[in-house]
Amino acid sequence: MPNVIGAIDGTSHEIWIPSTEPQDEFYNGHRKFHCIHTQIVIDNQKNICYVHSGFLGHNNDAFCYQYIRQFGPGLENDFPVHCFILADSIYPNAPPLVTPFKSTDIVRRPRLEQKRKRKFNLLHRKRRVYVEHVIKELKTFRVIGALYRHPRWEMSSIVEMCAALAKRRADLIKDVYS
């Protein structure tokens, strides 16, 4: 996968909303909490390249992706032509994103093509897991890893600040053990 330059994923943060504020748009029925979603893009060196937080709780990753700054050659988040970002299967499979093949697509193919697609999915999974590790590092900060009980409008700024702190901490650890 030489043309892959990073990975994208989303995460949600549970928040407490006072009963005087509107509840419906932030409520996530699946998690039974009020949530704010965050989209994170990393590069191949596991550095956070882009963080966008503040999406409403009932939205999924694909919906949130539509509202972040666009990625690609000549766009706001510029990168070289013919390069891609790995995403999980809920995202649209359209450039610059590359998603894994669905199992129903694999089963219907000839044996050789099945093997090729399964190998692609294995490589995709091995490379994209790093964005999950970065999200784990981000959630080690208690302010976003636990139930957030402060004003909702501050949450986006706090998530972005924690992303910067997580990056700084990773750099310091790398320098110590290098």
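**A walk through a predicted model**

Hi everyone, let's begin with one aspartate: the side chain of D43 comes within reach of the backbone nitrogen of Q45, at 3.1 Å. That is a polar contact, here a pair of N or O atoms within 3.5 Å; within protein, one must be able to donate a hydrogen and the other to accept it, and residues adjacent in sequence count only if both atoms are side-chain atoms.

Before going on, a word on what you are looking at. This is a predicted model, where local features need pLDDT of at least 70 and side-chain atom pairs count only at pLDDT 80 or more, while totals for chains, interfaces and linings use all residues. Residues are numbered from 1 along each chain as its sequence is written, and side-chain values use heavy atoms, leaving out hydrogens and water.

Now the overall picture. The protein chain has five helices and six strands, taken as DSSP runs numbered from the N terminus (H or I, at least four residues, for helices; E, at least two, for strands). Reading from the N terminus, the order is β-β-β-β-α-β-β-α-α-α-α. Of the chain's 178 residues, 38% are buried. Buried is under 20% relative accessible area, exposed is over 50%, and partly exposed is in between (1.4 Å probe, protein chains only). The accessible surface comes to about 10,800 Å², with 57% of it belonging to carbon and sulfur atoms; areas come from the Shrake-Rupley method with a 1.4 Å probe, and for residues only the protein chains shown count as cover. Take contacts, meaning heavy atoms within 4.5 Å, between residues at least 6 apart in sequence: 56% of them join residues at least 24 apart.

Back to our aspartate. D43 sits in strand β3, residues 33-43. Setting aside neighbours within four places in sequence, D43 touches I5, G6 and C49. Here is the curious part: D43 is buried but has no salt bridge, and the nearest side chain of opposite charge, K167, is 7.4 Å away. Lys and Arg count as positive and Asp and Glu as negative, with His and the chain ends not counted. A salt bridge needs a side-chain nitrogen of Lys or Arg within 4 Å of a carboxyl oxygen of Asp or Glu.

In the loop between β3 and β4 (48-56) we find K46. Its phi is near 65°, a positive value in a residue other than glycine. K46 counts as partly exposed because its relative accessibility is 42%.

On to the salt bridges. How many does the structure hold? There are eight. One of them pairs D9 with R128, with the closest N and O atoms 3.6 Å apart. D9 belongs to strand β1 (residues 4-15) and R128 to helix α3 (residues 111-138), so this pair ties together parts that are 119 residues apart in sequence. Are D9 and R128 buried or exposed? Both are buried, with R128 at a relative accessible area of 13%.

R128 also forms a salt bridge with E132, at 3.3 Å between the closest N and O atoms. R128 and E132 are both in helix α3, four residues apart, about one turn of the helix. E132 is partly exposed, at 32%. Elsewhere, a salt-bridge network links R109, E113, R116 and K117. Within that group, E113 and R116 meet at 3.9 Å, N to O.

Next stop, Y91, in the loop between β5 and β6. Its relative accessible area is 3%, so Y91 counts as buried. Beyond its neighbours within four places in sequence, its contacts include I8, D9, Q39, Y65 and L97. Note that D9, our salt-bridge partner of R128, is among the residues Y91 touches. The side chain of Y91 also reaches the backbone nitrogen of G10 at 3.4 Å.

That loop, between β5 (84-86) and β6 (97-98), also holds P96. What kind of peptide bond joins P95 and P96? A cis one, with omega about 5°.

Last, the surface. I173, V176 and Y177 make a nonpolar patch of about 380 Å². Patches are made of residues with over 30% relative accessible area and no salt bridge, joining like charges within 9 Å and nonpolar side chains (Val, Leu, Ile, Met, Phe, Trp, Tyr) within 5 Å. V176 belongs to helix α5, residues 155-176, and counts as exposed because its relative accessibility is 61%.
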